[in-house]
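Biologist: I would like to learn how to read this structure. Please take me through it one feature at a time.

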Amino acid sequence: MAKEMSKNTVSIGDIFAVSLPDGNYGAIRVADQIDNSYLIITTPYLGTEIPLIENELLGDILLQNRFFLQ
C-alpha cells in the first residue's frame, strides 16, 4: 500500500509566527504566489508571545528595522 503524501497548502494572506533567536516572536504574511514561489511580507510584530490573529500589526508591513535588542 502506497503511503499517501501530505500536501501542505499555503494561501495568500496566511500568517506564520516565527520564533527568533533571542526568544521573541515575529510574524510573516504570504502576499503573493508566483509559480512555485511565495512573496513573504515581514510584519512589524515583535513580542514575547505568539501574536493573536486580531493583532493589528499583522496587517502592516515592516519597512525599516533599525533597532538593536540586547
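Modeller: Start with the elements: helices (H or I, at least four residues) and strands (E, at least two) are DSSP runs, numbered from the N terminus. By that rule the secondary structure of the protein comes to zero helices and three strands. From the N terminus on, the order of elements is β-β-β.

Biologist: What should I know about the source of the coordinates and the numbering?

Modeller: This is a predicted model, in which local features need pLDDT of at least 70 and side-chain atom pairs count only at pLDDT 80 or more, while totals for chains, interfaces and linings use all residues. Residues are numbered from 1 along each chain as its sequence is written, and side-chain values use heavy atoms, with hydrogens and water left out.

Biologist: In what order do the strands of the sheet lie?

Modeller: The general idea is that strands of a sheet pair through backbone hydrogen bonds, either parallel or antiparallel. Two strands count as paired if DSSP finds at least two bridges between them. Here three strands form an open sheet in the order 1-2-3, with antiparallel pairing. Strand 1 and strand 3 stand at the edges with a single partner strand each, so one side of each is left without a neighbour in the sheet. On average, neighbouring strands of this sheet are turned by 30° against each other, direction ignored; the axes are lines fitted to C-alpha atoms, and angles run from 0 to 180 degrees between N-to-C directions.

Biologist: How many bridges join strand 2 to strand 3?

Modeller: Eight bridges join strand 2 to strand 3. Asp32 has Leu39 in strand 3 as its bridge partner, and Ile34 stands opposite Ser37 in strand 3.

Biologist: Which residues take a positive phi in the hairpins?

Modeller: Most residues other than glycine have a negative phi, and most peptide bonds are trans. In the hairpin of strand 1 and strand 2, with five residues between the strands, Gly23 takes a positive phi near 95°. In the hairpin of strand 2 and strand 3, with two residues between the strands, Asp35 takes a positive phi near 55°. Asp35 has this positive phi although it is not a glycine. Asp35 is found in the loop between strand 2 and strand 3 (37-47).

Biologist: Is Asp35 buried or exposed?

Modeller: Buried means under 20% relative accessible area, exposed over 50%, and partly exposed in between (1.4 Å probe, protein chains only). Asp35 is exposed, with a relative accessible area of 69%. Of the 70 residues of the protein, 16% count as buried.

Biologist: Which residues does Thr43 touch?

Modeller: A contact means heavy atoms within 4.5 Å. Thr43 is found in strand 3 and counts as buried at 2% relative accessibility. Not counting residues up to four places away in sequence, Thr43 touches Ala27, Arg29, Leu57, Leu58, Asp60 and Leu62. A polar atom of the Thr43 side chain lies 2.8 Å from the backbone oxygen of Ala27.

Biologist: Where does Leu58 lie?

Modeller: Leu58 lies in the segment after strand 3 and counts as buried at 3% relative accessibility. Leaving aside neighbours within four places in sequence, the contacts of Leu58 are Ile15, Ala27, Arg29, Thr43, Tyr45, Pro51, Leu52 and Ile53. Leu58 and Arg29 are 29 residues apart in sequence and 7.6 Å apart in space, C-alpha to C-alpha.

Biologist: Is Leu63 buried or exposed?

Modeller: Leu63 is exposed, with a relative accessible area of 78%, and is found in the segment after strand 3. The C-alpha atoms of Leu63 and Thr43, 20 residues apart along the chain, are separated by 8.7 Å.

Biologist: What share of the contacts comes from residues 24 or more positions apart?

Modeller: Such residues account for 19% of the contacts in the protein with a separation of 6 or more.

Technical notes: Polar contact = N/O pair within 3.5 Å; in protein donor to acceptor, adjacent residues only side chain to side chain.
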